[in-house]
Structure formats: C-alpha cells, structure tokens
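Me: I would like to learn how to read a few features of a model with some care. Could we go through them one at a time?

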Amino acid sequence: MLEKKLTIREISLFFFPLMLNVQFMSVSHSFINAALARQQDPITALAAFSNQAITIAMVRGRKSLAATWLFVLLVAVYVAVLLAVLAWTPVGDWVLYRFLGVEEKVAVEVQAVLAILIPLPFITGARGLLQGL
C-alpha cells in the first residue's frame, strides 16, 4: 500500500493554528493583567487570576516569598489529590461511569492519563510563581 507523503504546505496548515493558539495565549495574559491592574482592588484581582500574578502582587521579600511558595504548594497538593482520587479510587469510577457515562474502554484510558497528570500541578504552580519573580 502506498502512503501519500505529506507536503510542507499540509504540515504548515496543520501546525499554524496550533502556533496561533500559543501566541494568542501569551498575548492575552498581558491584556488580562493590564485590565486587572486597573480594577478597584488590583492586588486581589491579579492574585485571583494566577499564581504568576500572585507573585507580582504579593512577594515583597523572603518572608512573603516563602508564604507564597507554601500557598502554591498547598493548591498543587489539593489538585494532585483530586487527580489521584479520580485516577485510582472508586470515586473516579463513579464519576466516569455513572456521572459522565463514559464507556469502560475510554474510562480506563482516562484514568491512566489522570495518573500521569498528577505531578502537573506542582510543575505549573512552580512555573507560574517563578515567572512572576
């Protein structure tokens, strides 16, 4: 069986929207942060938006940096525990099978992916905090 080779044009047409998505996300954060900074209570508004903004708004020294790290760690633990519960406990089975109505074949794969994602809250939390420094 002969397979058609992909052309540069076809590859570009596939990846161009993905590239635009990344660019729009980068640019949109600047606009959102600018708008939030002009609110009545900009510190709270920025802190509610992201942990990068929390860093910018709240960290003023070593003590506040340690407190911010602790906050990011606690949020990451909370999200990671939720992912673990969905991946490895009967609660996850109930949510997938009964609440969402997912087929068993799909649910098994979803739970495997959820298990892989458990470290992600720690990585994204640290990234966001460090980007704000």
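Me: In which helix does I11 lie?

Reply: This is a predicted model, in which local features need pLDDT of at least 70 and side-chain atom pairs count only at pLDDT 80 or more, whereas totals for chains, interfaces and linings use all residues. Residues are numbered from 1 along each chain as its sequence is written, and side-chain values use heavy atoms, with hydrogens and water left out. Helices are DSSP runs of H or I with at least four residues, numbered from the N terminus; I11 belongs to helix α1, residues 8-36.

Me: Is I11 buried, partly exposed or exposed?

Reply: Buried means under 20% relative accessible area, exposed means over 50%, and partly exposed lies in between, with a 1.4 Å probe and protein chains only. I11 counts as partly exposed because its relative accessibility is 34%.

Me: Which residues make up the largest nonpolar core?

Reply: A nonpolar core is a set of buried Ala, Val, Leu, Ile, Met, Phe, Trp, Tyr and Cys residues joined through side-chain atoms within 4.5 Å. Here the largest has 6 residues, namely A80, L83, A84, A87, L114 and I118. Helix α4 (residues 62-88) supplies the largest share of this core, 4 residues.

Me: Where is I118 found, and what does I118 touch?

Reply: I118 sits in the loop between α6 (104-116) and α7 (120-132), and counts as buried because its relative accessibility is 14%. Contact means heavy atoms within 4.5 Å; not counting residues up to four places away in sequence, I118 touches A80, L83, A84 and W88.

Key
Helix = DSSP H or I, 4+ residues; strand = E, 2+ residues; numbered from the N terminus.
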